[in-house]
Amino acid sequence: MQPDRGPMFAGVNVGRPAAGALIDAGYSSISDLPEDLEELKELHGVGPKAIRLLRTVREQGS
């Protein structure tokens, strides 16, 4: 059993399922994510809300 990694991914509160799915998929930062964030929907635990939050953070960084 993996330890609880919490709801945060790269400083964004995406929720525990999404954070775990992103980490398990090998992502460790916003810049690691694919250009088309919709691809992340394929990961179990990553839903529209998490994608919206990540998109907002990415756009603010631009």
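Modeller: A residue is called buried under 20% relative accessible area, exposed over 50%, and partly exposed in between. Lys41, at 46% relative accessibility, therefore counts as partly exposed. Please note that this is a predicted model.

Biologist: Which residue meets Lys41 in a salt bridge?
Modeller: The partner of Lys41 is Glu38, with an N to O distance of 2.9 Å.

Biologist: And is Glu38 buried, exposed or partly exposed?
Modeller: Glu38 is partly exposed, its relative accessible area being 33%.

Biologist: With which Arg does Glu38 form a salt bridge?
Modeller: With Arg55; the closest N and O atoms of Glu38 and Arg55 are 3.1 Å apart. Glu38 belongs to the loop between H1 and helix H2 (48–61), whereas Arg55 sits in helix H2, so this pair ties together parts 17 residues apart in sequence. Arg55 is partly exposed as well, with a relative accessible area of 32%.

Biologist: Changing topic, how many salt bridges are counted?
Modeller: The count comes to three.

Biologist: Which residue does Arg5 pair with?
Modeller: Arg5 forms a salt bridge with Asp24, and their closest N and O atoms are 2.7 Å apart. This pair links distant parts of the chain, 19 residues apart: Arg5 is in the segment before strand E1 (8–9), and Asp24 is in helix H1 (residues 16–24).

Biologist: What is the relative accessible area of Arg5?
Modeller: The value for Arg5 is 34%, and Arg5 is thus partly exposed.

Terms used: Residues numbered from 1 in each chain as written. Predicted model: local features only at pLDDT ≥ 70, side-chain atom pairs only at ≥ 80, totals over all residues. Heavy atoms only, no water. Salt bridge = Lys/Arg side-chain N within 4 Å of Asp/Glu carboxyl O. Helix = DSSP H or I, 4+ residues; strand = E, 2+ residues; numbered from the N terminus. Buried < 20%, exposed > 50% of the residue type's maximum accessible area, 1.4 Å probe, protein only.
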